[in-house]
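Q: Could we go through a few local features of this model together? I have the sequence and coordinates open.
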Amino acid sequence: MEEIKDLEIVKELLETKQYTRLRQKMAEMNTADIAVILEELDEEDLLKIFRILPKNMAADVFSYLEVDSQQFIITSLSEKDAASIINNLMADDATDLLEEMPANVVKKLLANAHPETRRDINHLLRYPEDSAGSIMTVEYVDLKENMTIQDAIDRIRQIGVDSETINICYVLDAKRTLVGTVALRYLLISPPDAIIGEIMHENVIYINTLMDQEEVARQFQKYDFTAMPVVDNENRLVGIITVDDIVDIMQEEATEDMEKMAAIVPLDKPYMKMSIFELWKKRMPWLLLLMISATLTGSVLTRFENALMACSALLAYIPMLMGTGGNAGGQTSVTVIRGLSLNEIEFKDSFRVMWKEIRVAVLCGVTLAAANFVKLLLLDRVGIMIAAVVCLTLIVVVILAKIVGSALPILAKKIGFDPAVMASPFITTILDVVSLLVYFQVATSLLHL
């Protein structure tokens, strides 16, 4: 409600051209809230407000905007003003922006940026996408192990304002090797003439520059840190990653997994920013693959056409059996995929997982079969042999569905595929065919068709 009210006030001040009051209003607001309001305005008004923002706020607001809005602002400003924004962004935020910009624009921006900013951005751009090196920031406080506490505090005062965080400082030796960390509170309560090497924490948890960002998020979750140092292969400190970056990564990875589980090629920008043609390109590949694979269902029906003609009552229960199999497999696959993503399940656990799912499947299958048997006899009034065929098939299908739903994601991860790809749509297509094969095999055996 507060955001809606602020948006209405901003629009009114814009319409009446009260730019001085508008500037004052912006100065009183949180930078993240300003960014939310800017995203609701058209491009012309967005640029107007951004131009009148106090300079000390502009870069902070810019870092919260969507990529499309950032690109529009950067390309609309003069080269000097655009470079000023880049210079005032944290190096990791500036790098994320430049990775999305056209090469000619990037070249101009870097040419006008401060030498230190340019060096930091170039440093981050050379790491693989989605690696720890590509998401880290190089703005951190580093101390020497032979410094006194007073020297360390003086250094924090000197460079702390431009650092991502000063709560944890990183201790290096003469070769810039990471040898320890020291929390700001220990610096404040220790004697001024004490040596950093004497009070630092030597058992440092760190991550490598080439570690995948999803694994980085797991490390943060495991240790509950707000920041972690990033080192190269020689254990030299090259940057840090802070928890605010991890929150974005976790959201990005969760969104990507959900899209893959729904058989969609992951979207690279927000839904409302996607054109109809872009959504078509993202969805069609999987739809085509699933459609082609679903033709196997038709082949099975054709093969058992004579059995269907001999006992047409079997036809009515095909959708129920296929749907139950798909649902049972989908339940298991989602559970296993989540366990894999949280490192709760590994390949060595395959047989334990399948054995557990088989026992669950037996309980589920028998319960469903019992309920269905009563329904078939009392409501559908079919013969006892037809009911037996349907219910026996139901038990077998649920068991097979649970086995397939647990085994495929684990196998996919083992051979290097994303387990999320093996989620509901793909497994459902496989189980549709399996359900029909089991159904007709049981029917031909019991009914002698």
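Q: Which residues of α3 meet α5?
A: Thr-31, Ala-32, Ile-34, Ala-35 and Leu-38 of α3 meet Met-57, Asp-60, Val-61 and Tyr-64 of α5, where contact means heavy atoms within 4.5 Å. This is a predicted model, in which local features need pLDDT of at least 70, side-chain atom pairs count only at pLDDT 80 or more, and totals for chains, interfaces and linings use all residues. Residues are numbered from 1 along each chain as its sequence is written, and side-chain values use heavy atoms, with hydrogens and water left out.

Q: How do α3 and α5 pack?
A: Helix α3 (residues 31-39) and helix α5 (residues 55-64) pack at an angle of about 60 degrees, with axes 8 Å apart.

Q: Moving on, where does Ser-190 lie?
A: Ser-190 is in the loop between α13 (184-189) and α14 (196-199).

Q: Why does Ser-190 count as buried?
A: Because its relative accessibility is 17%; buried means under 20% relative accessible area, exposed over 50%, and partly exposed in between (1.4 Å probe, protein chains only).

Q: What does its side chain reach?
A: The Ser-190 side chain reaches the backbone oxygen of Tyr-186 at 2.5 Å. Leaving aside neighbours within four places in sequence, Ser-190 is in contact with Ile-149 and Ile-199.

Q: And α15, which residues there are buried?
A: In α15 (residues 213-223), the buried residues are Gln-213, Val-216, Ala-217, Arg-218, Gln-219 and Phe-220.

Q: What is found at the start of α15, and just after?
A: At the start, a side-chain oxygen of Asp-212 comes within 2.9 Å of the backbone nitrogen of Glu-214. Just after α15, Asp-224 takes a positive phi of about 60 degrees.

Definitions and conventions
Helix = DSSP H or I, 4+ residues; strand = E, 2+ residues; numbered from the N terminus. Polar contact = N/O pair within 3.5 Å; in protein donor to acceptor, adjacent residues only side chain to side chain. Axes fitted to C-alpha atoms, helices over the stretch in contact; angles between N-to-C directions.
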